[in-house]
Amino acid sequence: MEHKFQINLGGIIDLLSNHLYSSPGVYLRELLQNGVDAIRARQHIDADHVGRLRLELGMTDDGQPRLVFQDDGIGLTEEETHRFLATIGESSKRGVEAQRADFIGQFGIGLLSCFIVSEEIVMVTRSATSPEYAIEWKGRADGTYTVVQKPGDTAPIGTTVFLRCKQGSEEWFEAERIEELVRKFGGLLPYQIDFVTADGTIQVNDQDVPWRKTYESRSQEWSALMDFGRRMFNQDFFDCIPLRSEVGQVTGAAYILSYSPNPTAKRAHRVYLKNMLLSEESDNLLPSWAFFVTCVVNTNTLRPVASRESFYEDETLQQTREALGDALRDYLIRLRKHDPDRLQALITLHYRAIKALATHDDEFYQIIIDVLPFETSLGRMSMGDFRNRYSPIRYVTSVDTFRQIAQVASSQGLGIINAGYSFDVDLIEKLPVVMDVEIERIDSVDLAENFEELMPDERSDVFELIAVADIALQPSKCAADVKKFKPVELPALFLVNEETKFMRNLENTREVSNDHWASILGSLAETGGPKHYARLCFNFENPLIRKLARVEDRKVLRTAIQMLYVQALLMGHHPLSANEMALLNTGLLDLIDLAITGPDEGGWVQ
Amino acid sequence: MTHARITELLESLHGLDYPNQLAPAEEAVRLADQLGDEKLAWKARFQLLTAAVFGGEPDKALVTFAWLESKSSQDPERFPASRAVLGLFLSETDLLWGYKWVGLNLPDFVEISRVDIEAVLERMRVQYEHHHISLRPYWAAQARTHRSLGDDHSKTQEAVKAFNNSKRDAYADCVACEWNFRVEMELLDDDIERALGLADKLVDGNHSCAEVPHITFSSLVVPTWRAGLHDRARVFHKRGYDMCLDNKDFLVPICEHIDFRLLEDDWLGAYALLRRHAPWARDARAGMRRLRFLQSALAVASLAPEGSEFKMDADLLTEQADAPEPTAHAWAPRLEAAVSALAARFDSRNGNTSVSERVRQHAEGLHAER
């Protein structure tokens with residue numbers, strides 16, 4: 001036997017108000033939306049119909065606030081009233097009607113949202129297709145409704161909704177709040193919206209929409225757009241860019257922020273769907289790199305998701321996003337050609353976003369790469385300036401590595417770019433592909449290749465030092481070497497590359513892993529072998545190292561080497577493993593002991 | 001100060017794309033380790049795990065997961081594997097989720113034995129059962145692992161069947177990922193029609209996540225072209241490549257796009273993609289990812305027009321190898337040797353010849369269709 005679900009209307013309303021809709025204020029959006037769709041439906045049968053919306057705030061006889069919302073749209077017949085207002089989820093815009101591209105609503109639950117603020121909805125409607133008499137529909141929050149014919153009623157064609165404020169919803173019936181919300185949701189609607197209160201009547205959507213107008217000059221259009229943006233977002237912008245896309249039928253403007261935004265911060269794009277505000281937080285309309293602008297746009301064809309805060313990620317959206325991205329990109333290219341100073345100012349604010357674009361657009365990359373700034377061992381510098389001084393372009397891929405070797409590199413007269421920040425590696429590694437420029441990724445191991453080798457007699461002086469160090473550092477998978485380099489104050493440098501760093505991390509983890517994972521990590525480590533050892537490079541220019549090379553007491557030598565190793569690790573910001581912590585502890589105590597015991601008894605450094 | 005810096009670093013991750021999360025997450029872990037604050041190190045490593053998995057560093061994910069799992073097994077009170085109750089509760093620090101990610105990538109490392117791979121999956125099963133969580137993700141991981149290890153196809157099919165018979169709970173993959181899994185399995189059965197039917201669910205973008213439909217569109221490019229649906233394949237290529245181009249986690253999907261351009265007789269286009277993404281392959285420690293790229297590189301080199309230039313980093317071949325002359329003619333035999341050697345290592349690990357066989361079919365397919 002077949003049964004039917006029972007729907008708890010109160011529960012549905014709770015769901016709408018607490019989960020689907022972000023605020024009770026959306027009841028105004030839904031009313032506006034229904035009104036606009038009704039006007040558009042009427043315009044399909046009467047092309048000359050202008051369309052108008054009216055809100056009137058008053059009081060009921062018992063002193064409760066009451067809002068009357070009126071449209072002069074197509075209205076509903078009695079049959080339509082039963083069909084559309086008695087079945088949740090049924091919309092007058094379904095089926096053939098839904099094919100019309102100019103309707104906003106599509107979920108058929110709009111009027112229900114009024115129950116969030118009112119116990120009862122009264123709707124009086126007269127259909128343009130059968131205007132003989134008006135219909136009055138009364139719906140209550142308990143799910144019951146009545147429909148009566150009103151033969152004598154003089155209601156005009158269209159629909160009027162009467163809402164009596166329910167207890168606790170008073171704030172949503174305050175005149176200021178209603179005006180603010182109607183302006184917010186319907187400020188761009190092309191139909192006049194009047195709001196009547198005890199203080200008189202105002203037109204809520206009195207603002208010019210700049211992209212619906214034509215201008216005599218670009219500067220006029222620019223001024224209008226800037227002014228519009230300033231009023232809409234209540235802030236000044238660096239610049240603005242008109243947006244237009246055939247796909248998605250998008251019009252609007254992008255405003256360049258006058259400050260450097262955090263790339264991780266969510267952009268608040270204001271998006272209108274058929275001139276009704278869809279979202280103030282839409283985040284998927286523009287390419288991900290466009291985090292330096294905030295937009296206001298209207299679209300006529302994109303499909304909103306049910307929460308109405310973004311669009312379905314379909315092909316139309318993809319193409320729209322590309323078209324809008326192209327508009328921003330073309331603007332940047334125009335600046336590069338015609339206004340380099342302005343571009344420079346913009347790069348100072350928004351280089352991250354511009355770098356993001358350059359990473360996946362080769363043509364733009366070629367145009368812009370030389371003016372983009374990078375951190376180098378000689379300070380901040382544009383790629384163009386750096387390229388003029390150095391070839392090949394040497395770079396490191398992590399901020400840590402840069403910190404470890406920048407000072408040493410500049411002492412050797414080497415220019416190195418720190419590509420450890422977002423997008424920089426990708427940008428530099430595109431140089432040979434897109435511009436045929438030679439690049440060289442380096443790390444501290446490569447850097448040491450440039451250090452001066454020891455003379456043969458000096459090499460024999462350090463033979464013992466290297467031999468003892470190799471044995472002392474073997475458990476840490478580190479090999480020793482001695483070279484000459486600057487600055488002389490630096491006794492030793494711990495040399496790692498990405499591979500040895502990974503292996504070091506793997507070994508440290510293996511030390512603390514359970515048997516199961518120690519076995520797996522061991523398998524990975526086996527492929528390493530001595531070629532993946534890190535290196536401790538002693539500096540023969542350093543007086544301490546020269547002294548150390550003469551130490552004969554093996555225990556002292558070994559302890560000193562281990563301590564220099566730990567010190568080099570700390571200098572390079574490398575975390576110490578448990579074994580290295582133990583080395584530090586015992587080594588320090590041994591050295592103190594030796595210092596106290598003195599050179600006569602302990603063979604201390606001469 | 002350091003505590004505050006770690007918190008700042010971890011908070012900075014929100015909103016960054018995964019590849020750009022790696023450096024700050026690693027820094028946070030390093031600082032937490034230096035501080036000796038294990039709780040903070042535990043939390044930071046979960047962030048690093050996510051960034052590494054989705055930012056294309058499966059090796060770092062593996063090491064990170066090893067630390068987490070070991071900590072949890074050594075001190076389960078302080079570092080619980082999960083706070084799930086009847087499979088309903090998820091927290092940001094949940095090891096059970098990590099098994100899916102790390103388990104899947106293990107076969108990509110030629111150094112890791114079959115025994116160890118199977119043991120990790122078994123630990124996953126035991127943990128899921130212990131926490132009363134549906135084995136649905138386990139069976140998906142099983143199916144993929146059988147495929148990766150070149151096991152008898154019936155084993156994969158059995159795992160898919162078990163997957164279908166398991167219920168979804170909070171630990172199931174997202175809907176988009178599950179659709180993608182189904183597409184993968186249909187492609188494995190060479191049923192392009194069914195695969196395309198399933199992929200339709202993803203085309204409109206109603207279901208998507210960090211990896212889907214990126215990998216789905218990419219995996220469909222070549223089979224769709226081969227089925228004669230060239231226009232549709234071009235759409236998959238355009239949309240799929242655009243989604244994959246910024247993240248080295250998509251190295252293998254990128255190879256599908258390189259192959260597609262060869263099929264489309266666009267040698268220069270294939271070579272441009274190859275050069276652009278070569279640094280990803282050079283850095284890939286997971287042998288299977290590197291092998292897949294080398295296969296495409298070999299195809300590009302061997303199908304090059306006479307006298308074509310071919311520049312590539314010699315590190316792609318084997319470390320410390322001398323770079324061949326920058327011509328396709330000189331590179332092709334070197335690439336072929338590198339592909340064969342690596343495939344043989346995988347075969348030896350797997351105990352069959354499935355990888356070499358796959359390599360052969362790949363090369364023959366591209367040559368035959370040109």
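Q: Which handedness does the crossing of α2(A) and α5(A) have?
A: The model is predicted, to be clear. In it, α2(A) and α5(A) cross in a right-handed way.

Q: Which residues of α2(A) and α5(A) make the contact?
A: From α2(A), they are V26(A), Y27(A), L28(A), R29(A) and L32(A). α5(A) brings I178(A), L181(A), V182(A), F185(A) and G186(A).

Q: What about the angle where the axes of α2(A) and α5(A) cross?
A: Roughly 50°, and the axes come within 9 Å. That makes α2(A) oblique to α5(A). Helix α2 covers residues 26–45 of chain A, and α5 covers 175–186.

Q: New topic. What is the strand order in the open sheet of 3 strands?
A: The order is β19-β21-β20 in chain A, and the pairing is mixed.

Q: Which strands stand at the edges?
A: β19 (478–483) and β20 (492–495) of chain A do. Each has a single partner strand, so one side of each lacks a neighbour in the sheet.

Q: How much twist from one strand to the next?
A: The average is 20°.

Q: How many bridges join β20(A) to β21 of chain A?
A: There are 4, and the two strands run antiparallel. In one pairing, A492(A) has F538(A) of β21(A) as its bridge partner.

Q: Which helix packs on the sheet?
A: Helix α16 of chain A, residues 463–473. α16 touches β19 and β21 of chain A, and its direction makes about 155° with that of β19(A).

Technical notes: Residues numbered from 1 in each chain as written. Chains lettered and ligands numbered in written order. Predicted model: local features only at pLDDT ≥ 70, side-chain atom pairs only at ≥ 80, totals over all residues. Heavy atoms only, no water. Axes fitted to C-alpha atoms, helices over the stretch in contact; angles between N-to-C directions. Parallel < 35°, antiparallel > 145°, perpendicular 65-115°, else oblique. Left-handed = near helix turned anticlockwise from the far one by under 90°. Contact = heavy atoms within 4.5 Å. Pairing = 2+ DSSP bridges.
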